[in-house]
Amino acid sequence: METTSAPMAVSVKAPGAFGTHDSLRHGLASAKSDILPKHPLYYSEKNYSNMRDAMFLQVSRNTQGLHVPLRLQMERRLVSQVQRIPPLESSFIALDTLMGTHETIGVEDVFINHTPVMVDGRAIMEERLNLRL
């Protein structure tokens, strides 16, 4: 009888702002959690949204035809390319609306890093458009 086990979890955690472990973002630090494999449901939950999207596209292909998943993937790709000018952070609200996640509050909505960064937006746009002289 062959058993499959979850892959070993080796985590390299970056220190917090003061050079210490950030327990709020990374959980409590212990040697046991770094050595033992993660819970089997961890991998199921980690891939849940990808598997749900793949199943939705497969079902829509089987029921409505090949054009539906192709159109949905094309729309998602197009709206994921739309961004704001460089100094402003893009929220990808159109992509969230297409994916149906605009009404849910997840961990990424709460613990996202909103530190303002000072950049020269004009220089970045000139570089993207190859306008440097």
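Tutor: A residue is called buried under 20% relative accessible area, exposed over 50%, and partly exposed in between, with a 1.4 Å probe and protein chains only. The model is predicted, so that local features need pLDDT of at least 70 and side-chain atom pairs count only at pLDDT 80 or more, while totals for chains, interfaces and linings use all residues. Residues are numbered from 1 along each chain as its sequence is written, and side-chain values use heavy atoms, with hydrogens and water left out.

Student: Is Phe111 buried or partly exposed, and what is its relative accessibility?
Tutor: Phe111 is found in the loop between helix H7 (107-110) and H8, where helices are DSSP runs of H or I with at least four residues, numbered from the N terminus. Phe111 counts as partly exposed because its relative accessibility is 39%.

Student: Which residues make the nonpolar surface patch of about 560 Å²?
Tutor: Patches consist of residues with over 30% relative accessible area and no salt bridge, and their nonpolar side chains (Val, Leu, Ile, Met, Phe, Trp, Tyr) are joined within 5 Å, whereas like charges are joined within 9 Å. A salt bridge is a side-chain nitrogen of Lys or Arg within 4 Å of a carboxyl oxygen of Asp or Glu, and accessible areas come from the Shrake-Rupley method with a 1.4 Å probe, only the protein chains shown counting as cover for residues. The patch of about 560 Å² is made by Leu24, Ile105, Val107, Val110 and Phe111.

Student: How far apart are the end C-alpha atoms of helix H5?
Tutor: The expected span of a helix is 1.5 Å times one less than its number of residues. For the 15 residues of H5 (residues 67-81) this gives 21 Å, which agrees with the distance between the end C-alpha atoms, namely 21 Å.

Student: Within what arc do the buried residues of H5 fall?
Tutor: The buried residues of H5 are Val68, Pro69 and Arg76. The arc is taken from the directions that lead from the helix axis to the C-beta atoms. Seen down the axis, the buried residues of H5 line one face of the helix, because they fall within an arc of 95°.

Student: Which helices do the buried residues of H5 pack against?
Tutor: On the other side of H5, His67, Arg71, Arg77 and Gln81 are exposed. Contact means heavy atoms within 4.5 Å, and the buried residues of H5 pack against helix H4 (48-64) and helix H6 (93-99).

Student: What is the phi of Phe92?
Tutor: Phe92 is found in the loop between H5 and H6, and it is partly exposed, with a relative accessible area of 28%. Although Phe92 is not a glycine, its phi is positive, at about 55°.

Definitions and conventions. Helices (H or I, at least four residues) and strands (E, at least two) are DSSP runs, numbered from the N terminus.
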